[in-house]
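Please open the structure in a viewer and have the selection tool ready.

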Amino acid sequence: MLSIESTESETDKTSESSDAESTNTAIEIEQYAAEVIDCSSQFGLDTSISYTSHNILGKPSKFPSYGDFPETFAFRTYGNWWNNKNLSSYTEEFMQQNYPIIRADDFIVLQFEECIFPKEIRIYETYNPGAVIRIWCYSIIGTWCLLYEAQSDWLTEKKVPCANVCCVSINDVKLPTRVIKIEFNHSKLEYFTEIDAVVLAGKKYNMHESQYKNLLKRKQQTYKGPILKRLEMELVRFQPRNDQDRAIQEFFRHDFGRFVQEAGLDSSEPVDNVMVQPKAISLNSLPYEVLFKICSLLDLRSLFRVAQVDRTLFDVATDPLLYTEVSLKPYWYVVNSSVLSSLTKRGRLMRKLDLSWCGLFNYLTGNDLKGFIKIHGQNLTHLRLNSCKFLNKQCLDVIGSMCKNLKELMLRNYVNNGHDFSSLSQLKELERLDLFRSCIETESMCQILVSNPHLKHLNLGLSSLLINMDEVAVQISISNKQIISLDFWKSQSLTNLGLRALAECHNLEEVDFGWCLRDDIPPTESLLAFFKGCPKLKKLFLSAVRALSDRDLENIATFCPNLQQLDLMGIFGISTDSVEDLLSKCSNLKLLDLSFCNQIDQIRIDLWPDIFGVNIKRALRPYDPFPF
């Protein structure tokens with residue numbers, strides 16, 4: 001082992017020395033992003049030019065102007081409105097002790113033309129800046145390196161509403177790169193953040209033959225032998241929560257004594273009315289139950305470390321009960337085949353698994369997932385595979401055939417073939433299905449709906465044009481009457497026909513029909529039937545439903561008394577009085593989006609938050625009409 005480490009050290013020194021010589025003679029360059037490799041969400045359709053990820057490429061088109069511009073890139077959400085604890089669709093992360101205090105909500109991966117030693121990254125923010133929390137680079141030898149991370153004061157830092165350049169200076173990066181990943185947190189944003197361009201600056205990397213050989217050696221050393229593979233989880237850099245130590249200390253300070261008593265482990269006994277204190281105990285002499293409780297508070301990295309201390313702690317730290325819920329999402333930058341293989345050995349009782357964001361650049365393959373699912377799929381009830389590039393039809397086939405107890409399945413951003421989803425109709429117990437920005441086609445979707453009568457939450461936002469939402473809505477009204485939340489955002493094929501069918505789903509609480517109902521017939525009568533049939537509505541998004549009128553607002557005010565969120569972005573046919581009347585009747589309303597409703601009196605809008613206690617959103621784009 002020592003000889004291996006010594007060899008690696010010498011190789012690193014040789015390579016770094018060669019790279020340093022190259023850097024001294026290299027020219028400084030600045031380059032704009034040339035390609036989007038991946039992104040977790042976007043506001044615009046892939047077939048559109050508004051708010052899509054491709055708008056981040058090249059030079060800025062709007063900076064230094066500040067405002068809402070469709071020529072920039074925007075994510076789907078902002079603030080805490082979408083995954084809100086007051087809504088039935090709320091989801092929690094698994095194994096929360098794995099996550100840092102500032103969690104990432106979204107990401108984008110960008111590639112540049114030239115490979116360089118990075119010295120500076122500039123992000124041009126043209127609307128609601130301040131969401132950037134981490135920046136990574138993917139090195140030439142296939143490893144991820146953290147370049148920047150927001151500190152804890154980011155949570156209290158005031159976000160200034162003006163155009164901004166998020167400028168990050170970088171030091172001591174020994175390996176060149178042409179790929180970066182930017183992570184965002186939207187929790188403190190008042191409205192959508194928008195990015196105009198990204199610059200990667202540094203010294204151009206010109207690789208000579210000797211450097212190429214050194215890089216090959218360094219890359220080969222990332223593939224460890226049998227002994228080093230066992231230590232791999234020790235060597236990688238995880239990021240546990242900063243308050244982990246405090247949580248363990250709190251347990252010992254406040255709960256340890258009660259835990260020992262309740263477990264019947266208290267050996268203190270009175271002798272002749274004198275309490276005899278137990279002897280001091282060491283870590284290894286603690287009962288198994290106590291060690292298990294301690295391990296249950298640890299993040300995944302710490303569990304793997306504890307397992308290497310001795311045999312006793314190995315037995316505790318590898319107890320399958322500690323791995324019933326596993327989230328590898330916070331560790332996406334190191335999760336590879338070996339990591340998944342290690343969990344395969346510990347996960348025989350695993351019920352929930354989150355592999356979202358993992359597997360980029362072949363860190364994981366479809367075969368890795370298939371092998372894991374074949375062993376543990378029958379036990380899984382929750383499986384999250386959002387933005388997993390390695391997914392393919394064979395993976396979905398194995399999930400459909402093996403995961404018979406699955407209640408939750410998330411496959412956001414799966415954009416392969418629309419027919420790949422047909423095998424998911426073998427699932428019978430689904431309660432939540434998230435296919436945001438997927439390419440599913442109508443027949444497969446309807447088969448899944450028929451097979452899963454207990455479905456409660458369905459997300460088909462930004463789905464491809466292959467799917468007919470009217471047919472899907474009709475099938476839901478027949479097979480899934482207990483559905484609670486439904487997201488059809490920007491699924492333009494939903495018309496009055498589908499809307500009337502959904503009126504049969506009386507338990508609906510959350511719907512997003514933004515950019516739907518665009519047929520020639522006004523939706524007033526269909527909406528009225530829907531409101532009457534769905535009296536439990538708490539969230540209603542009707543963005544850009546152009547034919548909406550004051551009469552529709554009157555119906556909302558009359559039949560939706562429980563409404564908490566209402567989106568009327570870009571609705572021109574409503575008046576100030578009708579909006580005010582709605583606010584007076586919907587006393588639970590907390591969010592109202594009136595962006596691009598320029599006919600509404602701004603003076604009265606300014607008064608409504610204080611009068612009605614509602615958070616009103618207005619996009620800042622004073623010179624242009626509604627841009628859609």
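The model in view is a predicted one.

Next, select H17 itself, residues 576–585, and colour its buried residues, which are Thr576, Ser578, Val579, Leu582 and Leu583. Turn the view to look down the axis of H17: the buried residues lie within an arc of 170°, so they line one face of the helix. In general, an α-helix has 3.6 residues a turn, so residues three or four places apart point the same way.

Now move to strand E8, residues 177–184. Is this strand mostly covered or mostly uncovered? Strand E8 is mostly covered, with seven of its eight residues buried.

Strand E4 (residues 106–127) runs antiparallel to E8 and is joined to it by seven bridges; select Val109 to find its bridge partner in E8, Lys181. Strand E5 (residues 132–139) is likewise antiparallel to E8, and seven bridges join the two. Here, select Ser139, which stands opposite Thr177 of E8.

Finally, turn to the nonpolar cores. The largest contains 127 residues, of which Leu328, Met445 and Phe488 touch the most other members. Centre the view on Met445: beyond its neighbours within four places in sequence, Met445 is in contact with Leu433, Leu435, Ile440, Leu458, Leu460, Ile467 and Val472. A second core, separate and made up of 49 residues, can be located by selecting some of its members, including Ile116, Ile182, Phe596 and Ala619.

Definitions and conventions. Residues are numbered from 1 along each chain as its sequence is written. This is a predicted model: local features need pLDDT of at least 70, side-chain atom pairs count only at pLDDT 80 or more; totals for chains, interfaces and linings use all residues. Side-chain values use heavy atoms; hydrogens and water are left out. A nonpolar core is a set of buried Ala, Val, Leu, Ile, Met, Phe, Trp, Tyr and Cys residues joined through side-chain atoms within 4.5 Å. Buried means under 20% relative accessible area, exposed over 50%, partly exposed in between (1.4 Å probe, protein chains only). Contact means heavy atoms within 4.5 Å. Helices (H or I, at least four residues) and strands (E, at least two) are DSSP runs, numbered from the N terminus. The arc is that of the directions from the helix axis to the C-beta atoms. Two strands pair if DSSP finds at least two bridges between them.
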